[in-house]
Amino acid sequence: MTANTQYDIANDLVDRVAGLTPGTATHTLRHARDKVAAATQGSYEGLFDPALEGISLVERLLVALYASRLTPSPSLAAHYRAELARHAVDAAQLNAVESGQPDDVADMRLRAMLTFTRTLIENPVAGDKAALQKLPAAGLTTPAVVALAQLIAFLSYQTRLVAGLQALKQLAPQETTA
């Protein structure tokens, strides 16, 4: 979302993935501080902007699918899988991500990104200097490493937000619009 783009509540990814319906208690609670919802959507749009340099959109989507699979967040994984279906994706890379086998990825750069993703999700303490240094060794520039770390941090936030909203929604399965 750029400074000139208005937040469109009807296109809010978290609402859609979490299954929130406008007017229900959970949706109303989430939008009580609408600037947070707008900022979350803006971060998503910025991180998955095709014009973002350093890491290709397909690489970012593969990282997102892998992170969603590891977390696990089936609803976000389905979203990122559908986004990947809109692009030319190497079948072997997609299979490695879907099967959770980043070592099967022939491309050293993508393999390093997926390995780093797994490290930050499964054992964040191990995301130290040594783990970071493997990324430039695989061909990532410093701005790309920063973008990857920001992406993984956002995905961690996004999966927790969706999980929390889905849990709240389940507490009131008979939610009705206000």
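Modeller: Gladly! Let's start with burial: a residue counts as buried when its relative accessible area is under 20%. Tyr66 has a relative accessibility of 0%, so Tyr66 is buried. Keep in mind that this is a predicted model.

Colleague: Where does Tyr66 sit, and which residues is Tyr66 in contact with, leaving aside neighbours within four places in sequence?

Modeller: Tyr66 is part of helix α4. With those neighbours left aside, its contacts are Val97, Gly100, Pro102, Leu114, Thr117 and Arg118.

Colleague: How many residues are in the largest nonpolar core, and which have the most contacts inside it?

Modeller: A nonpolar core is a set of buried nonpolar residues joined through their side-chain atoms. Here the largest one has 46 residues, and Phe48, Val63, Tyr80, Leu148 and Leu155 have the most contacts inside it. Two or more residues come from each of α1, α3 (34-47), α4, α5 (74-84), α6 (91-99), α7, α8 (129-137) and α9. Of these, α9 gives the most, with eleven residues.

Colleague: What does Phe48 touch, not counting residues up to four places away in sequence?

Modeller: On that count, Phe48 touches Leu57, Arg60, Leu61, Ala64, Tyr80, Leu151 and Leu155. Two of these, Tyr80 and Leu155, are also listed with Phe48 among the residues with the most contacts inside the core.

Colleague: Now for charges. How many salt bridges does a search of the whole structure find?

Modeller: The general idea is that side chains of opposite charge can pair when their charged atoms come close. The search finds six salt bridges in the whole structure. In one of them, the side chains of Arg30 and Asp15 meet, with N to O at 2.7 Å. Arg30 belongs to helix α2 (residues 25-30) and Asp15 to helix α1 (residues 13-18), and the two are 15 residues apart.

Colleague: Are Arg30 and Asp15 buried or exposed?

Modeller: Arg30 has a relative accessible area of 11%, so Arg30 is buried. Asp15 is buried too, at 4%. There is also a network of salt bridges here, linking Asp12, Asp15 and Arg30.

Colleague: Which residue forms a salt bridge with Glu59?

Modeller: That is Arg109, and the closest N and O atoms are 2.8 Å apart. Glu59 is in helix α4 (residues 57-70) and Arg109 is in helix α7 (residues 108-122), so this pair ties together parts 50 residues apart in sequence. Glu59 is buried at 13% relative accessible area, and Arg109 is buried at 19%.

Colleague: What about Arg86: is that residue buried or exposed?

Modeller: The cut-off for exposed is over 50% relative accessible area. Arg86 has 63% relative accessibility, so Arg86 counts as exposed. Arg86 forms a salt bridge with Glu83, with the closest N and O atoms 3.0 Å apart. Glu83, by contrast, is buried at 18%.

How values were computed:
Residues are numbered from 1 along each chain as its sequence is written. This is a predicted model: local features need pLDDT of at least 70, side-chain atom pairs count only at pLDDT 80 or more; totals for chains, interfaces and linings use all residues. Side-chain values use heavy atoms; hydrogens and water are left out. A salt bridge is a side-chain nitrogen of Lys or Arg within 4 Å of a carboxyl oxygen of Asp or Glu. Helices (H or I, at least four residues) and strands (E, at least two) are DSSP runs, numbered from the N terminus. Buried means under 20% relative accessible area, exposed over 50%, partly exposed in between (1.4 Å probe, protein chains only). A nonpolar core is a set of buried Ala, Val, Leu, Ile, Met, Phe, Trp, Tyr and Cys residues joined through side-chain atoms within 4.5 Å. Contact means heavy atoms within 4.5 Å.
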